[in-house]
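Subject: The structure I promised you

Hi,

Here is the structure I said I would pass on. Have a look at it first, then read on for what turned up.

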Amino acid sequence: MDSLSLFCTGALLAGGLYWFVCVLGPAEQKGKRAVDLSGGSISAEKVRDNYKQYWSFFRRPKEIETAEKVPDFVDTFYNLVTDIYEWGWGQSFHFSPSIPGKSHRDATRLHEEMAVDLIDVKPGDRILDVGCGVGGPMRAIAAHSQAKVVGITINDYQVNRARMHNKKAGLDSLCEVVCGNFLEMPFQDNSFDGAYSIEATCHAPKLEDVYAEVFRVLKPGSLYVSYEWVTTEKYRADNPEHVEVIQGIERGDALPGLRSYSDIAEAAKKVGFEVVKEKDLAKPPSLPWWTRLKMGRIAYWRNHILVIVLAAIGIAPKGTVDVHDMLFKTADYLTRGGDSGIFSPMHMILLRKPKEAPSKS
C-alpha cells in the first residue's frame, strides 16, 4: 500500500472516530460524552466486578425482595448505567407516548409537565420528586411550574450529576437534590405541597412502603401522582413468552419484581391515600411509547462499536461493554412487552392525602 493510501486510510479512521464521538449522538447537548463514560461512583477497575455482583442478585431472588438488600442493588445498577443512559437517552430516564410532529425530547417534556399539572401546585410551592435520577424531569417541572422541587435519589453519583445540570440550566435556585432512600426519607412530616414519581417506585420491594413515606411527608390535602411500571390485564403468568419478557425487564432494570396494574390502588389505599384518578397512559389513543426503542437499533450498534473501541483503548471501563450489551437486550424485552401489551411503564395514579388525616409515623 503506497503512502497516499495509508494517509487516506488513517484520515478515514480518524474522521470516523471523530464522527462517532463528537457528531453522532447528541451527547454534548445532553451533558455526557462517550469519552466520559464511567461506572459512576465505582472505580474503573471494579466496574466489571460490580456488573457480576449485580447479576449475582438474581441468583438469590429472595434477597432482592427484602428492603435491606434493595438499596445496594439499585445503587449498583445506577452506578453502572447512569452514564450510558445519559449519553444515549438523555437526562430523563423514562418513557413517554409518541406525539405526531413532536420530537422525543418534546414528548418527554410534555409527559413530565402533565405530572405537575395533575398535582395542581402553585409557583413557590415545595414539591417532592421521588426518585429523581439526574434531574431531567425536575428541571422541566421546575421551569414549567416555578415550584421549588426537592429530588431524592439513592445514588450519590446521580446527585452530583443532577446538581451540575441544575446549575448549568440556571435552575439551582428552584431545584434541590438529596441523596437518600425513598423508603426512609430525611424529610419532616407534612412538609411538601405535592409530590410526583416518574417510573421510579418500581424499584421498591413493597409499593406500600414508599407510598407510606410519601403520605407522611405530604401536607394534608396535597396531591401525589405516580407513573408506575406494571403488568397489564393482558399478562398471563402461565404463558412462557410473557414470563420471559417480564423477567427480562426485571433483570435489566433492577426491579425486585413487577407489580400487576390491579395492585397499585390497593397499596395506596392501605397507607391512607384517596384515589382521585387512575389511568394507563400507554393505552390508545396514546401512540406507542416503545417506538423510540425500535428506532434506536442503528444507534445502538453505532454506540456499541464505540463502547468496544473506547474500552479496548482504556478510555472507558472494561465492564462498560457488558453493561451496554445488557441494556440493549433489555430494550428488546421492553419492546416485546409494549408490542404484546402485557407491560406498561406509565400506569398513572393520582392520589390525595385527606385533609383530616393524621401524619403517618
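**What turned up**

Take the contacts in the protein between residues at least 6 apart in sequence: 79% of them join residues at least 24 apart. Keep in mind as you read that this is a predicted model. The protein has 361 residues, and 53% of them count as buried. You can pick out 13 helices and eight strands.

Gly 88 belongs to helix α4, which covers residues 70-88. In sequence, Gly 88 and Arg 33 are 55 residues apart, while their C-alpha atoms are 9.3 Å apart in space. Gly 88 counts as partly exposed because its relative accessible area is 40%, between the 20% and 50% cut-offs.

The other is Gly 136, in helix α6 (residues 136-145). From Gly 136 to Ser 92 there are 44 residues in sequence but 4.4 Å in space, C-alpha to C-alpha. Leaving aside residues up to four places away in sequence, Gly 136 touches Gln 91, Ser 92 and Glu 112. Is Gly 136 buried or exposed? With a relative accessible area of 10%, Gly 136 is buried.

Two packed helices are described by the angle between their axes and the distance between the axes. For helix α3 (residues 47-56) and α13, the angle is about 40° and the axes are 8 Å apart. On the α3 side, the contact is made by Val 47, Arg 48, Tyr 51, Tyr 54 and Trp 55, and α13 brings Thr 320, Asp 322, Val 323 and Met 326. Sorted by class, that contact has six nonpolar residues, one polar and two charged.

Ring pairs link Tyr 51, Tyr 54 and Trp 55 with Phe 73, Phe 77, Tyr 78, Tyr 85 and Phe 93 into a cluster. The structure holds 19 aromatic pairs. One of them is Tyr 85 with Phe 93, an edge-to-face pair at 5.1 Å centre to centre, with 75° between the planes. Tyr 85 counts as buried because its relative accessible area, 17%, is under 20%.

**A helix on the inside**

Now find α8 (207-217). Why is α8 described as largely enclosed by the rest of the structure? Eight of its eleven residues are buried, so the rest of the structure largely encloses α8. The buried ones are Leu 207, Val 210, Tyr 211, Glu 213, Val 214, Phe 215, Arg 216 and Val 217. They pack against the strands β1 (126-130), β4, β5 (218-231), β6 (259-260) and β8, and against helix α10 (264-270).

Most residues other than glycine have a negative phi, and most peptide bonds are trans. Here are some spots to check against that.

- Asn 190 is not a glycine, yet its phi is positive, at about 55°. You will find Asn 190 in the loop between β3 (175-179) and β4 (192-198). Its relative accessibility is 29%, so Asn 190 counts as partly exposed.
- Glu 199 also has a positive phi, near 55°. Glu 199 sits in the loop that runs between β4 and α8. With a relative accessible area of 5%, Glu 199 is buried.
- The peptide bond from Pro 284 to Pro 285 is cis, and its omega is near 10°. Pro 285 is in the loop between β7 (274-280) and α11 (291-295).

Rolling a probe the size of a water molecule over the atoms shows where empty space is left. In the second largest pocket, that space comes to about 240 Å³. There are 18 lining residues, and those closest to the centre of this pocket are Lys 234, Ala 282, Lys 283, Pro 284 and Gly 341. Two elements give two or more residues to the lining: α13 (320-340) and β8 (343-352). Which element gives the most to the lining of this pocket? It is α13, with four residues. By class, the lining has six nonpolar, seven polar and five charged residues.

Methods: Residues numbered from 1 in each chain as written. Predicted model: local features only at pLDDT ≥ 70, side-chain atom pairs only at ≥ 80, totals over all residues. Heavy atoms only, no water. 1 Å grid on protein atoms, 1.4 Å probe; cavity = no way out; pocket = protein on both sides within 12 Å on 5 of 7 lines; lining within 4 Å. Points joined across faces, edges and corners; volume = space filled by probe spheres on them. Nonpolar A, V, L, I, M, F, W, Y, C, P; charged D, E, K, R; others polar. Axes fitted to C-alpha atoms, helices over the stretch in contact; angles between N-to-C directions. Contact = heavy atoms within 4.5 Å. Phe/Tyr/Trp six-rings, centres within 6.5 Å; stacked < 30°, edge-to-face > 60°. Buried < 20%, exposed > 50% of the residue type's maximum accessible area, 1.4 Å probe, protein only.
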